[in-house]
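Here is a short report on one part of a protein model. Look at the strands first, then at the helices beside them.

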Amino acid sequence: MAAVITAAVTFPTSKSTSLSARNTIVPPSDRVTCFKKVVYARDLTAGGRGGLAVRAQVIATEVEAEAPAAKVEKHSKKDEEGVVVNKFKPKNPYIGRCLLNTRITGDDAPGETWHMVFSTEGEIPYREGQSIGVIPDGVDRNGKPHKLRLYSIASSALGDFGDSKTVSLCVKRLVYTNENGELVKGVCSNFLCDLKPGYEVKITGPVGKEMLMPKDPNATIIMLGTGTGIAPFRSFLWKMFFENHEDYQFNGLAWLFLGVPTSSSLLYKEEFEKMKEKKPDKFRLDFAVSREQVNEKGEKMYIQTRMAQYAEELWELLKKDNTFVYMCGLKGMEKGIDDIMVSLAAKEGIDWVEYKKQLKKAEQWNVEVY
């Protein structure tokens, strides 16, 4: 059971489409003014003499060696209990409906990113950190239905409207010119960004357990995202700071690093700033805007550049067993972050590659890059 405070959503945009007023998300004069109470099913030693004694010991040892080893049950640190995967598959997708689709990057941003909300009527019981698949309409050049594309979910399990009946995505429109000078449009991203309210969409999933939140409400959660890699972290942060749950009250530290090329590309900036205003002692927020910011050496401010400014502090946090790192976005970011950690670990005689393996095994280092 959870009493939910549903936050309003703001999207800095000049272009948006939505259904009737009942589905329009309220402006954020106060992001916690809409109250809804919902039912929230959550998915919890004898001795002897001479040779006789020796023989008895050997026999006992042999018996013990032959006994089957006790099966060790794995206890996940993540919120895995009751997690549903693959309820809907490509051959039998769920048919949702677009409720809202709005551009959330500025007109001068390099590329368009859209926030969209689909109805699920509670039939897709996803968890924060999971993904869904989308099958775009139409057929490919061989006349076969298009294959699904996976997208990280950008809403908490309660959804943007707080009723557990919607799912949200954050999608960048893929458009580029190939080596032949031809304009190429990504099939699924353009399908989604062009969706109008009321249109149907075929959804599969939910899928994934890698990015599930930790169970520990006192954990330190470090989130590293670039571009639309912000999606799972928006879902985390809504649960932490915009909702009240009887079975979850976040009392740890959430630290978000978000990397984008320009300030007009910053996604959900107003939401995150509102969270920081509400809980300044529990939420830290750092942006890395590569085309507009530089560090003290004059280097472009990529996400790893921003993290380097807090390198010692981050390393100390990583040595704690209740610190969890989540990384989502462009694959190139991983190497830059590894480079920082290699030198920090080396100062203490630690091999970062091996240490990272230990973190992964303990579910404290979680990566979803593309």
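## The sheet

Five strands form an open sheet in the order S14-S13-S12-S15-S16, with parallel pairing. Strands are DSSP runs of E, at least two residues long, and helices are runs of H or I, at least four, numbered from the N terminus. Two strands pair if DSSP finds at least two bridges between them. S14 (283-289) and S16 (365-369) are the edge strands; each has a single partner strand, so one side of each lacks a neighbour in the sheet. On average, neighbouring strands are turned by 10° against each other, direction ignored.

This is a predicted model: local features need pLDDT of at least 70, side-chain atom pairs count only at pLDDT 80 or more, and totals for chains, interfaces and linings use all residues. Residues are numbered from 1 along each chain as its sequence is written, and side-chain values use heavy atoms, leaving out hydrogens and water.

S12 (residues 220-226) and S13 (residues 253-260) run parallel, joined by seven bridges. Thr 220 stands opposite Leu 253 in S13.

## Helices on the sheet

H6 lies across S12, S13, S14, S15 (323-329) and S16, at about 130° to S13. H7 packs on the sheet too, touching S12, S15 and S16. The direction of H7 makes about 145° with that of S15. Contact means heavy atoms within 4.5 Å. Axes are lines fitted to C-alpha atoms, for helices over the stretch in contact; angles run from 0 to 180 degrees between N-to-C directions.

## Helix against helix

H6 (residues 311-318) and H7 (residues 332-346) pack at about 75°, with axes 10 Å apart. They are therefore roughly perpendicular (65 to 115 degrees; under 35 is roughly parallel, over 145 roughly antiparallel, the rest oblique). Residues making the contact include Trp 315 of H6 and Met 341 of H7.
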